[in-house]
Amino acid sequence: MFETLSDRLTSVFSSLRSKGRLSDADIDATTREIRIALLEADVALPVVKAFVAQVKERARGAEVSQALNPAQQVVKIVNDELIEILGGETRRLRYAKTPPTVIMLAGLQGAGKTTLAGKLARWLREQGHVPLLVAADLQRPNAVQQLQVVGERAQVAVYAPEPGSGVGDPVDVARRSIDEARRQQHDIVIIDTAGRLGIDQEMMKQAADIRAAVTPDEVLFVVDAMIGQDAVTTAQAFMEGVGFDGVVLTKLDGDARGGAALSVRHITGRPIMFASTGEKLEDFDAFHPDRMASRILDMGDILTLIEQAQKTFDEEQAAKMAGKLTSGENFTLEDFLEQMMMVQKMGPIKNLLGMMPGMGQMRDQLNSIDDRDLDRIAAIIRSMTPAERQDPKIINGSRRARIAAGSGVTVTAVSNLVTRFFEAQKMMKRVAGGMGLPGMPGGRGKAAKAQKKAKKGRRVSGDPRKAALGKGQSDDAPPAAPKPGGLLGNLGAGKLPPGMELPPGFDPSKLNLPPRQK
């Protein structure tokens with residue numbers, strides 16, 4: 001969604017990196033480009049003015065003028081201000097002291113409230129809660145049936161006593177749902193309310209009546225992130241007519257410019273709490289202002305990537321797979337298929353790579369990635385016998401023809417997969433055991449053996465003074481016992497190699513040495 005804004009800001013900052021010190025003209029030019037980038041992203045004008053004024057004020061302060069790298073300092077300032085506009089810090093749900101916690105969803109028709117209700121219920125269920133979905137949208141045709149389908153997919157109970165499509169009282173349904181949740185021991189109630197294509201008094205009155213009847217702990221305003229400036233107008237109308245505690249952005253995976261996300265929080269003063277990033281129920285998570293700002297500035301989102309990996313990968317399984325990777329030989333096509341399936345569970349490959357820092361500069365390459373290529377690889381491996389997956393070396397010409405026919409690909413595709421797998425296996429084995437890396441099996445051992453081998457035999461130093469001192473003694477032999485008289489006595493006798501004699505009349509016994517500590 002923020003691709004255009006991200007590209008513009010990245011190009012602005014790249015022009016600053018060559019400057020050792022920023023003048024007022026540089027700051028004015030930079031903030032002018034930032035203003036244009038935000039306006040092109042459909043950010044509300046009051047938000048743009050406040051943002052640019054704050055960036056300009058801080059950029060002319062001591063934190064930039066005294067910085068070793070002014071360009072990086074300006075990027076940091078823009079990042080800080082983006083985080084502030086997006087909400088500052090992540091806002092968590094407020095739970096009721098006495099269950100159930102009541103969450104009411106409000107917004108225009110088409111914003112995706114019903115689907116989002118299922119996403120939120122699924123997300124809460126994964127957090128250990130037992131949510132109940134309530135079908136209080138009784139105006140839109142088949143809205144009740146849609147919520148029932150979504151609830152079934154999310155594995156969450158749905159309370160729908162009325163058929164809907166214009167039949168039933170939504171306020172009464174919302175009120176009765178609280179008693180139903182207590183009876184069935186649901187600790188969270190999510191009420192899906194009706195919307196309209198535009199703001200009208202009937203919708204506002206109904207939403208206000210439901211709020212008065214159930215006194216929700218959280219009222220979430222659901223807004224389509226693709227509607228641009230209208231999002232701000234709608235949010236203001238709902239704020240005045242019903243009131244809400246937080247914002248949920250839907251369709252963040254769209255190709256809109258994303259100005260709504262940067263505007264709603266600043267205009268209404270209410271934080272963005274959740275974001276929907278796709279059509280699937282799992283494409284939903286809490287909104288983190290710092291991570292979103294980092295993505296906009298093409299600095300990646302490693303924390304979200306790590307969290308997704310932790311949800312998908314089992315620790316014991318990951319440790320087992322790490323052992324196979326370090327051994328090299330034990331890593332089979334069966335293991336490769338298992339790892340590939342786990343990565344696919346984390347989401348589209350393009351989205352995962354997009355969370356890496358600097359990937360905005362490779363957007364064309366990312367857009368060319370097709371997840372169906374992974375499906376083809378999976379089909380090839382699944383067309384192999386267990387023996388062929390364990391030992392791909394036995395795959396000859398006839399076997400490759402059979403695998404190609406079974407997976408619907410060419411023989412060349414099968415050959416390329418097997419060849420690339422062997423190359424990867426060799427690389428893993430080389431890194432694990434043959435590169436002398438600390439902590440890797442075989443690395444330090446080989447280095448130690450080489451060092452011991454190099455020490456064999458008597459070595460004589462090229463320095464004649466050292467050669468005279470070490471004559472007749474190999475490096476591996478223990479040091480010779482000191483002769484009578486000790487080191488100082490030998491010094492006093494003048495038995496040192498040429499060039500190291502002590503001055504005439506020097507008596508080492510008269511040295512004023514500190515007493516030995518007991």
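This is a predicted model: local features need pLDDT of at least 70, side-chain atom pairs count only at pLDDT 80 or more; totals for chains, interfaces and linings use all residues.
1. Eight strands make up an open sheet in the order β3-β2-β4-β1-β5-β6-β7-β8, and the pairing is mixed. At the edges you'll find β3 (157-159) and β8 (284-286); each has a single partner strand, so one side of each has no neighbour in the sheet. If you go from one strand to the next, the twist averages 25°.

2. Now zoom in on one pair of strands. Strand β6 (residues 246-250) and β7 run parallel and are joined by three bridges. Which residue of β7 is the bridge partner of Val247? It's Ile272.

3. Helix α8 (residues 170-184) lies across β1 (101-106), β2 (131-135), β3 and β4 (188-192).

4. On to the rings. There are six aromatic pairs in the structure. Take Trp123 and Phe274: their ring centres are 5.2 Å apart and their planes sit at 75°, so this pair counts as edge-to-face. Trp123 belongs to helix α6 (residues 113-126) and Phe274 to strand β7 (residues 272-276), so the pair ties together parts that are 151 residues apart in sequence. Both Trp123 and Phe274 are buried. Trp123 and Phe274 also form one aromatic cluster with Phe284.

5. Another ring pair is worth a look. Phe221 and Phe238 are tilted, with 40° between the planes and 5.1 Å from centre to centre. Why does this pair tie together separate parts of the chain? Because Phe221 lies in strand β5 (residues 218-224) and Phe238 in helix α10 (residues 229-241), and these parts are 17 residues apart in sequence.

6. Next come the charged side chains. Side chains of opposite charge can pair when their charged atoms come close. This structure holds 20 salt bridges. One of them joins Arg60 to Asp24, with 3.7 Å between the closest N and O atoms. Arg60 sits in the loop between α3 (45-59) and α4 (62-65), while Asp24 is in helix α2 (residues 24-40), so to speak a link between distant parts of the chain, 36 residues apart. Arg60 counts as partly exposed, at 40% relative accessibility. Arg60 and Asp24 are also in a network of salt bridges with Asp28 and Lys56.

7. Have a look at Arg58 as well. Its side chain meets that of Asp80 in a salt bridge, at 3.3 Å from N to O. Arg58 is in helix α3 and Asp80 in helix α5 (residues 70-85), so parts that are 22 residues apart in sequence are tied together. Arg58 has a relative accessible area of 19% and is buried, whereas Asp80, at 25%, is partly exposed.

8. Helix α19 (residues 386-390) holds Arg389 and helix α15 (residues 333-345) holds Glu334, so the pair ties together parts that are 55 residues apart in sequence. Arg389 is buried, with a relative accessible area of 14%, but Glu334 counts as partly exposed at 30% relative accessibility.

Methods. Residues are numbered from 1 along each chain as its sequence is written. Side-chain values use heavy atoms; hydrogens and water are left out. Rings of Phe, Tyr and Trp (its six-membered ring) pair if their centres lie within 6.5 Å; planes under 30 degrees apart count as stacked, over 60 as edge-to-face and the rest as tilted. Helices (H or I, at least four residues) and strands (E, at least two) are DSSP runs, numbered from the N terminus. Buried means under 20% relative accessible area, exposed over 50%, partly exposed in between (1.4 Å probe, protein chains only). Two strands pair if DSSP finds at least two bridges between them. Axes are lines fitted to C-alpha atoms, for helices over the stretch in contact, and angles run from 0 to 180 degrees between N-to-C directions. Contact means heavy atoms within 4.5 Å. A salt bridge is a side-chain nitrogen of Lys or Arg within 4 Å of a carboxyl oxygen of Asp or Glu.
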